[in-house]
Amino acid sequence: MDGLISVIVPIYNVENYLVRCIDSIINQTYSNLEIILVDDGSPDNCHIICDEYAKKDSRIKVIHKKNGGLSDARNAGLEIATGKYISFIDSDDYIYKDMYTDLIGLIKAHDADISNCSVYKFYENDKFNLDYDKEFNIKIYSNEDALRSLIMEEEIKQTVWNKIYKRKIIDDIKFEVGKIHEDEYWTYKVIGNAKKVVHIDKPMYYYLQRENSIMGERYSEKRLHGIYSRKERLNYIQQKFPNLIIDAKMSLFFTCVYQYQCLLRSSDLINKVEISKIINFYIKNISFDKKDIKTLNIKQKIWFYIAKISLDKCCKIRNYLKVGL
């Protein structure tokens, strides 16, 4: 059906938040939805909640599967999705009532392949009332400009859930199972497939900050996936978007620095194996020739040259100055 949006919701251990999430989807002003609830072997009552909603709303499809993680759940949803457009919503978050109406409108008005909105981050006890009566800014990107914005962490982020995608640009791209930074392995490839991306600075995705979320856990080796994903992205950029190579290199450099800083700040005993992995990766993969260095700004040059002398000293200085916290 033309205009159908397949909304994929991976679900695991979110019993306290799931009703709010599903209600925000089924009550959208844009009603042409296929809502795919993927129960990823959740140990709580999420499976019951999913089945009850499916009885009440014919647009809802439920998948019950063995736990395989967020990427595996999203892939399972993609396998049965039939919509012309795809959206992902995390099950502890929720969305503004007009999000799909606005994002579909932007895609059609600007002949875009992806539409992207701003995100409002909140904590569990927060009360907020956002102003939606004002004018919001709209910006149109080519795929290269959107990738630059992604790399520079500006309006376009790697998060998959504040966007709508035309199905045709993501059909051959699956989420990598077992990665903690799964969005970072996926989003840049999809943007690379798009011809045009449109962004509106209207905060229509409400992102819950949970202390016990995956990203809130103590430092573990899985956090190194953040470095590996940026390396894969750099390889992709070198092949397809050479104008962005320096930006991608600097992103990889600062990701190494950030992960090293996280290890130094960790309250756990510092794992020397993890530190050595970052150092070895840095030595093997971070290199700038003289032409590259000339394009850097003053702050980038300062941190690069300090790290060239000693990555450990660079990160300790940044932690002391509270840079990158």
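Is Arg223 buried or exposed, and what is its relative accessible area? Arg223 is buried, at a relative accessible area of 8%; buried means under 20%, exposed over 50%, and partly exposed in between, with a 1.4 Å probe and protein chains only.

Before going on, the conditions. This is a predicted model, where local features need pLDDT of at least 70 and side-chain atom pairs count only at pLDDT 80 or more, while totals for chains, interfaces and linings use all residues. Residues are numbered from 1 along each chain as its sequence is written, and side-chain values use heavy atoms, with hydrogens and water left out.

Back to Arg223. It sits in the loop between strand E9 (196-209) and helix H7 (225-240); helices (H or I, at least four residues) and strands (E, at least two) are DSSP runs, numbered from the N terminus. Between Arg223 and Glu184 there are 39 residues in sequence and 12 Å in space, C-alpha to C-alpha.

The axes of H6 (residues 182-193) and H7 come within 9 Å, crossing at roughly 20°. That makes H6 roughly parallel to H7. Axes here are lines fitted to C-alpha atoms, for helices over the stretch in contact, and angles run from 0 to 180 degrees between N-to-C directions. Under 35 degrees counts as roughly parallel, over 145 as roughly antiparallel, 65 to 115 as roughly perpendicular, and the rest as oblique. The H6 and H7 crossing is right-handed, that is, the near helix is turned clockwise from the far one by less than a right angle. On the H6 side the contact (heavy atoms within 4.5 Å) includes Glu184, Tyr185 and Tyr188, and on the H7 side it includes His225, Tyr228 and Arg233. The contact residues divide into 4 nonpolar, 5 polar and 5 charged.

Next pair: H8 (residues 245-265) and H12 (residues 311-320). Their axes come within 9 Å and cross at roughly 70°. H8 is therefore roughly perpendicular to H12. This crossing is right-handed. H8 contributes Phe254, Val257, Tyr260, Gln261, Leu264 and Arg265, and H12 contributes Leu311, Asp312, Cys315, Lys316, Arg318 and Asn319. The division is 6 nonpolar, 2 polar and 4 charged.

Now the aromatics. The whole structure holds 22 aromatic pairs, counting rings of Phe, Tyr and Trp (its six-membered ring) with centres within 6.5 Å; planes under 30 degrees apart are stacked, over 60 edge-to-face, and the rest tilted. One of the pairs is Tyr120 with Phe128, tilted, with 4.6 Å between centres and 40° between planes. Tyr120 is partly exposed at 25% relative accessibility, and Phe128 is partly exposed at 24%. Phe253 and Tyr282 have ring centres 6.1 Å apart and planes at 45°, so that pair is tilted. It joins distant parts of the chain, with Phe253 in H8 and Tyr282 in H9 (residues 272-285), 29 residues apart. Both Phe253 and Tyr282 are buried.

Last, two backbone notes. Asn13, in the loop between E1 (5-11) and H1 (18-26), has phi near 55°, a positive value in a residue other than glycine. Asp111, in the loop between H4 (99-110) and E6 (114-123), has phi near 50°, also positive. Asn13 is partly exposed at 42%, and Asp111 is exposed at 56%.

Notes:
Ala, Val, Leu, Ile, Met, Phe, Trp, Tyr, Cys and Pro count as nonpolar, Asp, Glu, Lys and Arg as charged, and the others, Gly among them, as polar.
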